[in-house]
Amino acid sequence: MKARVHVMLKDGVLDPQGEAVRHALGTLGFEGVEGVRQGKVIELDLAESDAGKAKEAVTEMCEKLLANTVIESYSVELV
Amino acid sequence: MKAAVLVFPGSNCDRDLAVACRNAGMQVNMVWHKDSTLPEGTDLVAIPGGFSFGDYLRCGAIAARSPITRAVIEHANRGGFVLGICNGFQVLTETGLLPGALMRNAGIKFICKTLDLIVETSDSAFTAGYRKGQRIAIPVAHHDGNYTASDDLVARLRDEDRIAFTYAENPNGSTADIAGVLSENRRVLGMMPHPERMAEAAHGGTDGAAMFRSLADAMASA
């Protein structure tokens with residue numbers, strides 16, 4: 001089973017990289033981009049075949065390592 | 001007076017930090033990240049700057065889950081001294097020993113220059129050698145030094161007098177100009193600037209030396 005984790009900065013946390021990307025898009029002539037947020041995607045190959053257990057394990061991985069929950073939020077998707 | 005300087009793959013300020021500790025009279029052990037215990041009698045754990053584990057995932061994230069770091073957390077919980085500089089500060093926020101987080105500099109660029117800091121409290125073993133309000137010149141060299149804290153956290157840090165240093169001119173977008181913070185028991189300090197790089201005349205200044213001297217004094221009297 002594969003899991004895909006999306007990690008994003010929480011709403012309200014300024015994202016300097018996203019802002020730089022937004023600025024660069026404006027420079028290239030793309031108008032109307034009002035905000036850009038940059039995050040990461042982490043894909044995991046899991047031995048677990050039970051979806052419930054897999055989701056629980058990956059959630060714990062997010063809490064302990066994959067996301068810094070002070071500034072980041074995460075979502076887990078099984079694929 | 002025993003200091004343990006941690007070494008992770010990618011640490012690059014470990015030797016400078018060891019020299020600064022030794023010059024203040026401490027006995028220094030270099031401790032590899034795979035060790036799971038600190039040398040017997042360690043008073044101070046010093047976590048150096050650099051790019052531990054290549055800054056993979058997040059700065060300091062992997063180092064914060066290393067075997068030695070578990071021993072550092074226990075040392076801190078027993079009331080031991082811990083000093084984290086630059087990447088060491090990032091490691092300390094990742095462990096949760098210090099609150100807040102360090103994000104990419106607001107201006108995106110890596111900043112490498114000597115800046116003026118303002119000493120916000122002299123009430124700690126790290127800052128006892130300075131006067132409150134004193135300006136000291138200390139170099140910074142970081143890409144992710146933008147200290148991020150909620151309004152509530154900043155209010156708490158202020159109430160508890162736990163902001164150790166602020167930048168005279170904010171270089172990186174840090175909340176409330178914060179350059180260094182103390183733990184609740186005032187025995188853990190994390191700071192982005194590098195006092196070990198301004199600790200002897202050959203460095204072009206000695207404003208950082210007082211930190212290592214006052215730490216050594218505190219360790220000697222403990």
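Modeller: A nonpolar core is taken here as a set of buried Ala, Val, Leu, Ile, Met, Phe, Trp, Tyr and Cys residues joined through C-beta atoms within 7 Å. A residue is buried if 20 or more other C-beta atoms lie within 10 Å of its own, exposed if 12 or fewer, and partly exposed in between, with C-beta atoms placed from the backbone. The model is predicted: local features need pLDDT of at least 70 and side-chain atom pairs count only at pLDDT 80 or more, while totals for chains, interfaces and linings use all residues. Residues are numbered from 1 along each chain as its sequence is written, with chains lettered from A and ligands numbered from 1 in the order in which they are written.

The largest nonpolar core holds 76 residues, of which B:Val5, B:Cys21 and B:Leu215 touch the most other members. Helix α5 of chain B (residues 209–221) gives the most to this core, with seven residues; helices (H or I, at least four residues) and strands (E, at least two) are DSSP runs, numbered from the N terminus. Beyond its neighbours within four places in sequence, B:Leu215 is in contact (C-beta atoms, placed from the backbone, within 7 Å) with B:Ala24, B:Leu44, B:Phe81, B:Ala125 and B:Phe126. Another core, of six residues, lies apart from the largest one and includes A:Ala3, A:Cys62, A:Ala67 and A:Tyr74.

Helix α3 of chain B (residues 87–95) is largely enclosed by the rest of the structure, because nine of its nine residues are buried. Among the elements covering them are β3 (44–47), α2 (67–77) and β4 (81–85) of chain B. After α3(B) comes B:Gly96, with a positive phi near 90°.

Notes. Two residues are in contact if their C-beta atoms, placed from the backbone, lie within 7 Å.
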